[in-house]
Amino acid sequence: MFRKLLIANRGEIARRIIRTCRRMGIATVAVYSDADESALHVREADEAVRIGPPPVAQSYLQIDALVQAALGTAAEAVHPGYGLLSEHPGFARAVRQAGLVFVGPSTDAIAAMGSKISARNVMRTAGVPIVPGSDAGVDLAEALSLAAAMGYPVMLKAAHGGGGIGMQVVHDADELQKVFAANQARAKSYFGNGEMFVEKVVSRPRHVEFQVLFDEHGHGVYLWERECSIQRRHQKVVEEAPSPFLDAELRLMMGEAALRAARAIGYSNAGTVEFLVDEERRFYFLEMNTRLQVEHPVTEAITGLDLVEWQLRIAAGEPLDLSQADVPFQGHAIECRIYAEDPEKFLPSPGTITSLRLPSGDGVRNDVAVESGSVVTPFYDPMIGKLIVHGADRSQAIDRMTEALTAYDVQGIRTNLALLRKVMASEAFARGETTTDFLQILMTRQNTQT
Ligand code: MV4
């Protein structure tokens with residue numbers, strides 16, 4: 001096992017990785033921008049290296065500075081966390097070229113999933129169901145003829161997109177003609193690539209993703225699924241495991257499809273295969289995330305496995321001594337993301353946290369980035385923490401989450417805590433009706449009542 005690991009990230013995920021390293025006896029190196037000089041992840045790591053001024057482009061995205069920090073502290077491996085450079089093939093390559101271990105899949109596997117068109121083609125070949133649509137980038141004329149052949153509505157998407165940018169539902173040829181260029185221009189400016197494709201629209205879909213774990217010797221398992229349908233502006237808000245919508249038969253079919261997806265690109269380490277599931281329980285590959293995800297704790301809760309420990313063991317070449325039949329599956333877990341945001345406008349609400357009280361109790365886990373006195377800056381993601389609960393079943397998990405959210409108290413900044421409490425109190429949530437329009441409907445109802 002590695003003696004020392006550099007964590008190329010910040011916030012709660014950096015702290016989360018440090019926690020496992022401490023237990024495994026691995027020394028940690030934190031990196032920080034000037035805005036994070038007194039951050040918790042810096043204090044908790046064994047060593048810390050300053051990498052630049054507050055903006056991510058000048059600090060946490062500086063590949064050379066990060067590699068130099070690892071070499072300068074004699075770290076043997078680099079964990080990218082999530083976000084930032086975690087799915088950047090150039091970062092994985094630079095780390096490896098410097099003779100260090102990148103805790104993640106091969107550079108080729110990251111690159112293969114970077115384009116949604118190439119991902120669709122790989123999955124089609126591997127027998128993983130995909131949404132009907134393009135097998136190559138399209139210009140306006142090709143988009144029009146493909147949409148006419150498939151039938152409207154269609155979803156126009158950016159091949160290198162994310163966060164809903166460059167993505168739009170289109171209802172007819174007139175509309176497609178009108179919006180194509182604008183979406184392409186947005187994709188080009190955000191992702192440096194304006195390649196577009198079209199898919200049939202999956203109506204009222206659920207977002208169900210499978211966690212996979214593959215060692216470097218070709219053996220892999222799936223650690224069941226997470227349901228992440230409750231989102232707002234392509235930002236996940238509530239996640240749970242298992243999905244209230246899946247039965248054992250669908251779980252098996254989707255889990256096996258997830259393994260085929262990972263095998264098709266020679267995947268190793270922890271990864272997530274995302275699917276859309278429609279009302280008729282048909283499922284379609286959406287994309288593969290080649291990193292650890294924010295919502296990994298719900299999977300840890302129901303399996304009892306430490307995903308960061310497995311990421312490190314796999315990166316160190318250890319075999320995954322776990323067969324599918326032996327993957328634990330215990331109870332039900334829910335995660336709520338606590339955002340520093342204006343609850344009405346859903347816009348970041350930076351400021352100083354004057355007081356923070358975290359809930360505790362049976363089955364309650366807090367993964368937080370802040371403490372009383374922390375400053376939430378506008379430079380980084382406004383998520384200040386995650387609250388995870390585990391119960392014997394979904395109903396006990398909801399009760400525990402409700403209680404924990406009641407006890408949760410943040411002063412000095414605005415948060416989404418009240419919205420999370422409303423989600424837990426809603427009858428639709430209790431019934432497991434967690435479709436992607438859930439928050440829209442909940443918010444609209446609140447607004448018309450007041
Ligand atoms: C879709 C879709 C319906 N049909 N694709 C893709 C990226 C993700 N951020 C949103 N995506 C969607 N792709 C087709 N062909 C609906 C969505 C979608 C969505 C998916 C999962 C969870 C929440 C969502 C919210 C809006 C749109």
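**View 1. His-234, a residue with positive phi in the loop between strand E10 (220-232) and E11**. In this predicted model, His-234 counts as partly exposed, at 44% relative accessibility. His-234 is not a glycine, yet its phi is positive, about 65°. The loop that holds His-234 runs between strand E10 (220-232) and E11.

**View 2. Leu-84, a residue with positive phi in the loop between strand E4 (77-79) and helix H4 (89-97)**. Leu-84 is not a glycine, and its phi is about 45°. The relative accessible area of Leu-84 is 32%, so this residue is partly exposed.

**View 3. The cis peptide bond between Ala-241 and Pro-242**. Omega for this bond is near -5°. Pro-242 belongs to the loop between strand E11 (235-241) and H9.

**View 4. The cis peptide bond between Tyr-152 and Pro-153**. Here omega is about 0°. Pro-153 sits in the loop that links helix H7 (140-150) with strand E6 (154-158).

**View 5. Ser-268 and its contacts**. Ser-268 is part of the loop between helix H9 (248-264) and strand E12 (269-277). Its relative accessibility is 10%; because buried means under 20%, Ser-268 counts as buried. With neighbours within four places in sequence left aside, Ser-268 touches Gly-104, Pro-105 and Ser-106, as well as Phe-214, Asp-215 and Glu-216.

**View 6. The largest cavity and its lining**. A search of the whole structure finds 1 cavity of 30 Å³ or more. The largest cavity holds about 50 Å³ of space. It is lined by 14 residues, of which Val-103, Gly-104, Thr-290, Arg-291 and Gln-311 are the closest to its centre. The lining comprises 6 nonpolar, 7 polar and 1 charged residues. Domain 1 (4-103) and domain 3 (206-449) each supply at least three of the lining residues.

**View 7. Cys-336 and Cys-21, two buried cysteines**. The structure has 0 disulfides. Cys-336 is in no disulfide: the nearest cysteine sulfur belongs to Cys-228 and is 12 Å away, whereas a disulfide needs the two sulfur atoms within 2.5 Å. Cys-336 has 0% relative accessibility and therefore counts as buried. Cys-21 is also buried, with a relative accessible area of 0%.

**View 8. Domain 2 and domain 3**. The chain is divided into domain 1 (4-103), domain 2 (132-200) and domain 3 (206-449). Between the C-alpha centres of domain 2 and domain 3 there are 29 Å.

Key: Residues numbered from 1 in each chain as written. Predicted model: local features only at pLDDT ≥ 70, side-chain atom pairs only at ≥ 80, totals over all residues. Heavy atoms only, no water. 1 Å grid on protein atoms, 1.4 Å probe; cavity = no way out; pocket = protein on both sides within 12 Å on 5 of 7 lines; lining within 4 Å. Points joined across faces, edges and corners; volume = space filled by probe spheres on them. Nonpolar A, V, L, I, M, F, W, Y, C, P; charged D, E, K, R; others polar. Domains from an automatic or database assignment. Helix = DSSP H or I, 4+ residues; strand = E, 2+ residues; numbered from the N terminus. Buried < 20%, exposed > 50% of the residue type's maximum accessible area, 1.4 Å probe, protein only. Contact = heavy atoms within 4.5 Å.
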